[in-house]
Amino acid sequence: AAMGMSDFYSGCWPVMQTGYGQQVPYTAIVSENWNPSSWSSEGSVPVAAGGQVTNPVADHPRSGGGSGGANVGGTDGSGNKGSGSARRGGGGMGSASQRRKRRQRLTGQIMQRQEKYNCQMGTRPSGPYAGGGDIDLAAELTANLSSAGPEPLDKALARLLEPGVARRLAFEPTGCRTVQLALDTLDRRAGAEVAEALKGQVVEAIRSPHANYVVQKIIKVLTPEEAPFVVQEVSQASWDLARHEYGCRIYCRLLEHAASERSTSRLIDSVLGETEELLRHTFGHHVVECALEHGLPHQRKMIIDAIRRSPLRNAWNRNAAYVVEKALMYGDEEDRNGLAMDLLSNPASDIAALARSQYGSMVVRAILRMPEPIATKAQECIRNPASLIQLKATKHGRRLLEDQGIVYEALPEHLAMTSVGAASEAAARAGA
């Protein structure tokens, strides 16, 4: 009898929704000879060549032999009860992290074989931005754009300017590279026409793992006057876009290529109003760093003023430490000196505890590279005997001592334990 879907999907293997409206178990697709046409028209039961119902979970090498490896109370091929657990199967699935990595690997295999089948059958998954579509078109356009003659370029441009073509390609893994190539290859007027395809969809494109590269390329090769809609649409979005995994890249490209433009300056000014939130954020701190390096003088001052409200706390933070280091490198002299003195006004034991940590050591190194008398004061903080004990206890502290040419001896174990406690207390006082 055919196995019911509730039994088939009740095991440990997740399912995938294909472009054909079917739910397919991972293990059904991992097989090299998997073919969507082998599934019944209802999309409910896997069917072998002779119409015989198959169980890909039971046949999988990690399932423990029978479906009992995936379903409690299941049966093996001979009708006997399976012995595997509901989560692991007879062969065992390992730790949670191993199971997660295995699922990720299987997902990649599924997508590759789904796309391979699509190419062979000439079919495409449904959806406006379905990944993997238009591979042949992307290949044709790439070949034309790479040609030396004007005729292939004109042909590629005409195709890209057809309604919806450039926009659809921008959201696809292969197509986004084709659109970037077009922006690099075509003249500025034609490039601006291609870029217009994303007008009204810039924020959606920024959040896309593929189309965000197209937006970055537009910013690199076109001026804000040639593609004004980019800054306009980013300005209308929430400042949370600066904390997005891909959104932070757009702000960085704008700072690198158009920081002095009035529209870009207003956009960055509005975002830097949230500097205290951004500099400690996993992605937001990249925007603040880029503003320190490429932004306008008043923007650098805004950032350093925000850092100076809690300098030691920021220096202890794994994200904000990079911002503090850049502030000590790129700020105006008065602001840089003020920030350095704010940090050095703390007890020497706190500076030593900072210097022995992975991220705090970057800040201390930046202070030591500053001119006198700041560098001398920093040297005094790390050269006193109590500080040396702390610095000798970690590899980051020892490297800093070696870079400064300070000779030290191995630290006894009981002193090393004492230094760890002192560093923990310093971090707690800083609020890190």
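Let's start with Lys-326: at 16% relative accessibility, this lysine counts as buried, where buried means under 20% relative accessible area, exposed over 50%, and partly exposed in between, using a 1.4 Å probe and protein chains only. A quick word on what you're looking at: this is a predicted model, where local features need pLDDT of at least 70, side-chain atom pairs count only at pLDDT 80 or more, and totals for chains, interfaces and linings use all residues. Residues are numbered from 1 along each chain as its sequence is written, and side-chain values use heavy atoms, with hydrogens and water left out.

So, which residue forms a salt bridge with Lys-326? That is Glu-293, with the closest N and O atoms 3.7 Å apart; a salt bridge here is a side-chain nitrogen of Lys or Arg within 4 Å of a carboxyl oxygen of Asp or Glu. This pair links distant parts of the chain, with Glu-293 in helix α16 (residues 284-294) and Lys-326 in helix α19 (residues 320-330), 33 residues apart. Helices, by the way, are DSSP runs of H or I with at least four residues, numbered from the N terminus. Glu-293 is partly exposed, at a relative accessible area of 32%. Glu-289 joins in as well: together with Glu-293 and Lys-326, this residue is part of a network of salt bridges.

In total, the structure holds 13 salt bridges. Another of them pairs the side chains of Arg-168 and Asp-134, at 2.4 Å from N to O. Arg-168 lies in helix α7 (165-170) and Asp-134 in the loop between α4 (96-121) and α5 (135-145), so the pair ties together parts that are 34 residues apart in sequence. Both partners are partly exposed, Arg-168 at 25% and Asp-134 at 21%.

Now, over to the nonpolar side. A nonpolar core is a set of buried Ala, Val, Leu, Ile, Met, Phe, Trp, Tyr and Cys residues joined through side-chain atoms within 4.5 Å. The largest one has 94 residues, and Ile-218, Tyr-251 and Leu-328 touch the most other members. What is Leu-328 in contact with, leaving aside its neighbours within four places in sequence? The list includes Arg-336, Leu-339, Val-363 and Met-370, contact meaning heavy atoms within 4.5 Å.

One last stop, friends: the peptide bond from Glu-372 to Pro-373 is cis, with omega near 5°. As background, most peptide bonds are trans. You'll find Pro-373 in the loop between α22 (360-368) and α23 (374-383).

Notes: Helix = DSSP H or I, 4+ residues; strand = E, 2+ residues; numbered from the N terminus.
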